[in-house]
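Here are my notes for your first read. Keep the structure open and follow the points in order.

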Amino acid sequence: MKTRNYKLLLLAAVLPYFWSCEHLLETQPTDFYTEDSFWKTATHVEEAVTGIYQALVHNDLYNDQTPFMFEVMTPNAYHKDNFQSAHDFAIGTHTGTTLGMNHVTWRGSYRGIGRANMVIERAAAVDMDEALKSRLVGEAKFLRAFFYQKLNVLFSGVPLILSSPDATEHSATPRSSYDAVKAQILADLDDAIASLPASYNAADDGRATKGAALALKAQVHLQDHEYPAVVETIDQLNALGVYALFPDYNGLFRKANEGNAEIIFDVRFQSPQVRNSYDIIHAQYNTQAPVQGLVDAYQMIDGKPTDESPLYNPSRPYENRDPRFAQTIVYLGAPWRNRVANEADLHQTGYTFRKFTEYNETTLGTISNSDVNYVVIRYADVLLMYAEALNEIEGPTSAVYDAVNLIRQRPSVGLPTLPPNLDKDAMRAAIRLERRIELAGEGSYFYDIRRWKTIDTEMNAPVRTHAGAVIQTRSFNPARDYIWPIPYTEIDLNPALEQNPLY
Amino acid sequence: MNLTGLLLQQMTRETLIAWAGVLCGTSLLAAQPIHAHAGRETPLGTKSAWVMNQQQGTIGGTVVDSDGAPLAGASVRIVGVQVSTATDDKGAFSLRLAPGEYTVEVSYMSYQVQRAEHVRVEEATATALKFVLETAYDQLDEVVVVGYGTQKKVNMTGSVAVVSGKDLNNRPITSASQALQGVQGIYVNQPGGQPGADDASIRIRGIGTVGSGSKLSPLVLVDGVEFPLSAVNPSDIESISVLKDAASSAIYGSRAANGVILITTKMGASDQSSIEYSNYFGAQQATYLPDPVDNSAEFMEWYNKAMVNQGGNPYYSEDLINEFRNNPTSLEYPNTNWMDIMFGTAPIQEHNLRFSGGTAKTRYNLSAGYLDQEGVLKGMTGAQRYSMNVRVNSQLSDRVNIEGGVLLNRWDKDEPKAGIATVMNRIMRMVPVQPAGRMEDGHWPDSWVLTPGQNSFENPLVWAAENYRKEITDRLLINLALNYTIIDGLEFNFRVSANEGRYDMRDWNTPTMMYHVRTGAPTRYSSSAVATLTDYGSKDQRLNSTAMLTFERALGNGHNISAVGGFSVEKFSGSWRQASVQGFPTTELPELSIGTANQATTGTSYRDALLSYFGRIQYNYLNRYLLEINSRYDGSSRFADGNRWGFFPSFSAGWRLSEEDFMQSVTWLDELKVRGSWGQIGNQEIGRFQYVNSVALGLGYPFGGSFAPGSAITQSKDPSLSWETTTMTNAGVDWSMFNGKFSGEVDFFKKRTDGILRTVALPSQVGALAGPVRNLAVVDNKGFEIGLTYNGQAGVFKYQVGGHITHVKNEVVDLKGEEVIAGARITREGLPIESWYVYKTDGLFQTQEEVDSYPTITNRVGPGDVKYVDLNEDGVIDGNDRYIAGNTFPDYTFGFNIGGSYKGFALTTFWQGVSNVSVWMNGNMAMPFNNGAGLTKNWTTDSWTPENPNASLPRITTRHQYTAENYSPSDFWLADASYLRLKNIQLAYTFAQTPFFDRIGLNQLTVFVNGQNVWTISDMKLFDPEQDLSADHIGKYPSVKTYTAGITLNF
């Protein structure tokens, strides 16, 4: 080849290649929206609202062992590992630098709050069906209230952030007062109550409803012993006429009965996209183990406590008990998983929770795709709140009896009604026991004993295995422990956060 | 071809001629017609003897050094003819040749090559020659590969370290990154010896930025193309240049902030051809493993003690402990030492074959390598590497030169399905009561003694036997270049290259039932109850095209100038996809198409581009005063429009004092040069679209039984992101004296990185968003490097001692007033990046009175617990009592070589060390009973009891349930990870040339034995001190020591 030809070849090959390359530097993401391309259509708003719900299934809140760790911080259960520092909280050795349940709850709740704030702020400018928009914003407000209520009870006053997450604006926001946060929660709930439907068609089942907002509002008032407001709110809930107890106590938690009439709000899972670890936690690992104190609290089938009932046989302690016992707890010798539960299965205390698993007497092998829903608020809970509030206002009237007896006489439970002529204090005790039993393993007792201020005595006692051996002695400092320490890592990042007293 | 000599020996006279014709006809070199006169008394072994029809002559002689000492093993070759030999013990050689005129070339190690031209050989006469070799101290012609070109070493003004491929000969380094160990100014840390995953991390002159992974790694180019080091066979390396200062690296602009490593692969030499084969075989062993309590009764007693100490009750009953104590070891009563079970000696072997050579106009290299390494973690780890490298260079005409190469590398790697990190974590979690091995019926035994903290017995042997992860990593580099000399001194160069990678991973696990050791009844599945197959595949491609002009001219009167200018376009693209499936009707058929349930797929793709203009101007006057400018203008798709382009200039100058007239009287000084440089380089290594406020998908939630798609913003973004810029100044002196016996260099540098891209941690109240990446921080690295080499000789014994030390002081200059606390590490202004930030301790509480009189971290603290110092004296122990307790990155790194040779023997040693660095080991086995794990033996002898008040460890408690009291991050647990280690020792013997070698065509035969990581001095006893300093646990693949032996043959 002649030299000249080389030159021409080179020019031909090289020059076009280097010219007009600048466009190569323009790249567009292919696997996510940008904020500029989002918030345009109703679909975007729907997706963003779904994203708020998704914050519920994060390990920080309702997946993994986290929801059940609340049970471990009560006299109901024990877990040998100090997972999420729950031991430290249970035995009172937690300090200002303890990170665990306080941190995941803080972070998990603010994740949801941030997503809700964004919907509430950005949906306004989206051109879409106004009715749909109103409902979606209502869902976001319910969820924002839900997350703030969790934080407000546990930490007592937290940074109150109501606009889209902004690193510059919100990184230094200090804590608001308990009352200010509460006022916002109630305002959000009132908006949600106004814009949410009482129920959905099948395709939207599982979304926040008017009833869910009312039930949460009742909880907010009950937390501060505002009994008339509790009663008034629950009256509104009852007026919706959509809730009833599900006849099968254990079945109400099962996948087959998802969305049954007792469920007011739950966290949903669905394999294979969103799984949880509830089956493996309770059945294979036996991590959150019920302790003897909870078992002892179950009445006999005659409605009497074990130490008064002639039906109680210390050598066969699990016979003739409140039927909810065997529907809630797996005990040694219980038929379970096509065999009889043994020491190796129930290695911590001799018990495990049956609630929130799909295992039954005949299950073979192991379940690896758990997707049982976590029930956050159900109608039985509301009935007991109602009874609690009403008893405080007017004593044990028939309406109080009715609410409790409805639960005791659920078809699959069938306990005798409460004895007549209880005085206010005796009724209060009966309601509290009923709450502990009915909601055992559902994380409610953690809040209940704080609200009742009984935690001081309940959490200064040992917990025992089925054999009576002390496995842990709980300790509670009433001057400090009603509220949790703000995670110190959050204070490191935002020094404007003031730590709670004595931490 | 010389091999033919061997064949011919065994052939009959009749077949000889025919065979010789075939062989030579197909040989790479043109051979003459053959007229062999077999039967004549000609020694067949003498080169070419059998093809000559004339009486031969001899060239003989001696090779000595400048002191007259004979040089044994020097290579003597006849240029243009395939004849060569080596000198014997007395430095003598002899070659038989056909009459004619020849050029004889002699070369030996670090001596200058010498040629004798026009040597006449007459029929049947001997010609005697004497070669006096000069030490190659004044390597005026030594050429160093630099960015987009080569440069004479003496004229360099930047700081460049060079490694010759020869330095790596025979060493069992399995990854090219290990080849950089021992290079001045470079900290090369090789944590762990997992086959196929034992790349070392390379840090050049400290850590210039905050981040990890590729953000801290130097840019690596192989034959001019960006390419991963792990895909280079170390045996293919001809040379490595490490561009350390900005003056050398600025020509690579936005990717050069962490330094640049240029690798040149081997190429043949003109007018010769050779076949080289080398191998080694060896064995590897873990360097450090923890020494666990392996007696079950003892383990259970210590667990009970821990429970009691922390206020609990004994867990294991006396009956159970006695049962174990009174029964001999068996599957039912195991006393398992899991370290012994899981780790052992593993074989390693490597083979490399290379054909290289060329004619006057064309040179070539064809090589292939095979490495087979089993892992010391037996039965589940191992890797094979297959590599091939083909390079050709041809001078097509006076003006046109073309060059091309194909480099192919494959790694086949075996791992357990759960991944090595999980498996190592579990191995460190095993306890002696758990049975190893199988039951008589072949079943896997479950552990009938429950271990608190472990939900079930996750037997790693089952993982080794019943599931796997197979990884295949292919990488291909294709490189084509054309050089066109437009006029003398002006060259045009055009290069296109493709770097393609493919990675395939297959995970397969089958359900494995465990059985009760007593009853034989099935208990549970070891892990999943369903078979799952996951196939993952990714690929990536980099296309590069570079055009440049090179100009070089002596302007007369001592002025010399050269320049390079060009532009380059680089396109990157990649994608990955994953598919998994369950529901296998049989576990015999592990393919995606066989599974029937839970099919899931996912994947994505990406694209990037980099446009660049670069240039260099060099000027020198009389080779005495040197000036150089390098710069690059880069545009990157990683940034938003407006912040996309960055300019990276550098200037450097040098003064060769030794060339000055006034220095000519200083005869002992061979070379003295001072040099200085200033420059800026960039770092674009951040994730894609960090400037875009993104709305993440895949955050769905089920409503009404069907799954709804969900989106959310999960990270806060900063659209004004731009380059990180590193400004570096360097001053240095190079010298060589006493005829090259003593040489060295000293460099001082200051490196400041501005606008460091850092992910800001946000308080969770900001929607629990991941923080934005911002140009925030400023970090300085200041330091010096000193390197010294001495070559000595005592008679025929020669030795070389060399060493270097690098000191880097890292300091965060500006963090916008923030501080970043990540666990026990803090990044704060005025301190090195990621300093330890922990409690101060003052030994152990000895008495209850002492406990009562001092603030404690919780109310459970008792005698024998760690005493945290109330530094701020506020009466409580909390986060405010933490202090800066040390470095997580060494201040000093050093290495040295000591070697010597005596006749055919050569001994080389290479030592490496670091100092002033601490580690915190805080996981399974490192701390007692962590998360259900066991404990090491030293707790049984050296933990606090009232009877043993001077113990070095606190009273025994469990790591997981007594965390705050004894195991909070504190200086009590910081261990000094400084070390000095004999990284490599090698003894080689090169046989003197014998007639037999000649006869079979052998030019060189070397046998060697080699040890890697053989000896270490360190305070760290728990685990290897050369480890991943960012991981606070010992659940990592152990480092290995390797002993090998092998041969090198050169035909």
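1. Start in chain B. Strand E50 (979–990), strand E51 (1004–1018) and strand E52 (1040–1050) of chain B each give at least two residues to the lining of the second largest cavity. Bear in mind that this is a predicted model.

2. The second largest cavity has a volume of about 130 Å³. It is lined by 18 residues, and the closest to its centre are B:Gln178, B:Gln190, B:Asn1013, B:Val1040 and B:Thr1042. By class, the lining has three nonpolar, eleven polar and four charged residues.

3. Now the largest cavity. Its volume is about 540 Å³. Of its 30 lining residues, A:Gln219, A:Val376, A:Gly443, A:Ser444 and A:Tyr447 are the closest to the centre. The lining counts 15 nonpolar, seven polar and eight charged residues. In the whole structure, the search finds 14 cavities of 30 Å³ or more.

4. Which element supplies the largest share of that lining? E9(A) does, with five residues. Other elements of chain A that each supply at least two residues include helix H6 (130–155), helix H9 (210–223) and helix H14 (379–394).

5. Helix H6 matters for the next point too, so keep it in view. In soluble globular proteins, nonpolar side chains tend to be buried together. Here the largest nonpolar core has 144 residues, and A:Leu56 and A:Phe142 have the most contacts inside it. H6(A) gives the largest share of this core, twelve residues.

6. Look at A:Phe142 up close. Leaving out residues up to four places away in sequence, its contacts are A:Leu189, A:Ala192, A:Leu196, A:Ala208, A:Ala212, A:Ala213, A:Leu216 and A:Phe265. A second, separate core has 47 residues, among them B:Trp338, B:Met430, B:Val919 and B:Tyr979.

7. Next, charges. Over all chains there are 97 salt bridges. One of them joins the side chains of A:Asp191 and A:Lys141, at 2.8 Å from N to O. A:Asp191 lies in helix H8 (residues 178–195) and A:Lys141 in helix H6, so the pair ties together parts of chain A that are 50 residues apart in sequence. Buried or exposed? A:Lys141 is buried, at 16% relative accessible area. A:Asp191 is partly exposed, at 36%.

8. A:Arg316 meets A:Glu319 at 3.0 Å, N to O. Both are partly exposed: A:Arg316 at 49% and A:Glu319 at 39%. In chain B, B:Arg410 and B:Asp412 pair at 3.8 Å, N to O.

9. Finally, salt bridges that share partners form one network, including A:Glu262, A:Asp322, A:Arg324, A:Lys355 and A:Arg378.

Conventions. Residues are numbered from 1 along each chain as its sequence is written. Chains are lettered from A and ligands numbered from 1 in the order in which they are written. This is a predicted model: local features need pLDDT of at least 70, side-chain atom pairs count only at pLDDT 80 or more; totals for chains, interfaces and linings use all residues. Side-chain values use heavy atoms; hydrogens and water are left out. On a 1 Å grid over the protein atoms alone, a cavity is a set of points where a 1.4 Å probe fits but cannot get out, and a pocket is an open set with protein on both sides within 12 Å along at least five of seven lines; lining residues have an atom within 4 Å of a point. Grid points are joined across faces, edges and corners, and a volume is the space filled by probe spheres set on the points. Helices (H or I, at least four residues) and strands (E, at least two) are DSSP runs, numbered from the N terminus. Ala, Val, Leu, Ile, Met, Phe, Trp, Tyr, Cys and Pro count as nonpolar, Asp, Glu, Lys and Arg as charged, and the others, Gly among them, as polar. A nonpolar core is a set of buried Ala, Val, Leu, Ile, Met, Phe, Trp, Tyr and Cys residues joined through side-chain atoms within 4.5 Å. Buried means under 20% relative accessible area, exposed over 50%, partly exposed in between (1.4 Å probe, protein chains only). Contact means heavy atoms within 4.5 Å. A salt bridge is a side-chain nitrogen of Lys or Arg within 4 Å of a carboxyl oxygen of Asp or Glu.
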